[in-house]
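Here are my notes on this model, point by point. Please keep the coordinates open while reading.

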Amino acid sequence: MNINKISIISSVIIIVLVITIPTCYQVVKEHQDHLYRAVESKMIEAAKRCYYEDVCKDDHITLAVLYEDKYLDKMSNPVTKEYYNEKSYILREGINFTFVKVE
């Protein structure tokens with residue numbers, strides 16, 4: 001009887017772990033993705049404002065330019081808390097703006 005109890009308890013623990021570990025990983029990953037999207041959209045919005053106010057005329061709008069013209073405060077990676085390289089830029093292609101990270 002004692003061996004049956006141990007096997008049942010260990011089976012329940014294994015089943016719970018098999019379910020919770022991937023779920024927790026997915027939740028953390030989605031949270032980090034949302035943080036990245038929020039920071040990137042803030043940078044893109046600043047670049048759009050700069051471009052449409054005719055201050056930034058290039059298709060490559062660097063973070064350094066946005067910092068100098070006070071369109072953006074220093075931005076950091078939301079997960080690692082390291083500041084983005086000032087050479088990173090927002091690329092304008094027609095009406096689309098995309099953030100390009102430079103290491």
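1. Four aromatic pairs turn up in a search of the whole structure. Rings of Phe, Tyr and Trp (its six-membered ring) pair if their centres lie within 6.5 Å; planes under 30 degrees apart are stacked, over 60 edge-to-face, the rest tilted. Tyr-51 and Phe-97 are edge-to-face, because their centres are 6.1 Å apart and their planes at 70°. Tyr-51 sits in helix α1 and Phe-97 in strand β3, so this pair ties together parts 46 residues apart in sequence. Both Tyr-51 and Phe-97 are buried (under 20% relative accessible area, 1.4 Å probe, protein chains only).

2. Tyr-84 and Phe-99 also pair edge-to-face, at 5.4 Å centre to centre and 75° between the planes. Tyr-84 is buried, with a relative accessible area of 6%. Phe-99 is buried too, at 14%.

3. The model is predicted: local features need pLDDT of at least 70, side-chain atom pairs 80 or more, while totals for chains, interfaces and linings use all residues. Residues are numbered from 1 along each chain as its sequence is written, and side-chain values use heavy atoms, without hydrogens or water.

4. The three strands form an open sheet, order β1-β2-β3, with antiparallel pairing. Pairing takes at least two DSSP bridges between two strands; strands are DSSP runs of E, at least two residues, and helices runs of H or I, at least four, numbered from the N terminus. The edge strands are β1 (60-62) and β3 (96-100). Three bridges join β1 to β2 (residues 89-93). Ile-61 has Ile-90 in β2 as its bridge partner.

Methods. Buried means under 20% relative accessible area, exposed over 50%, partly exposed in between (1.4 Å probe, protein chains only).
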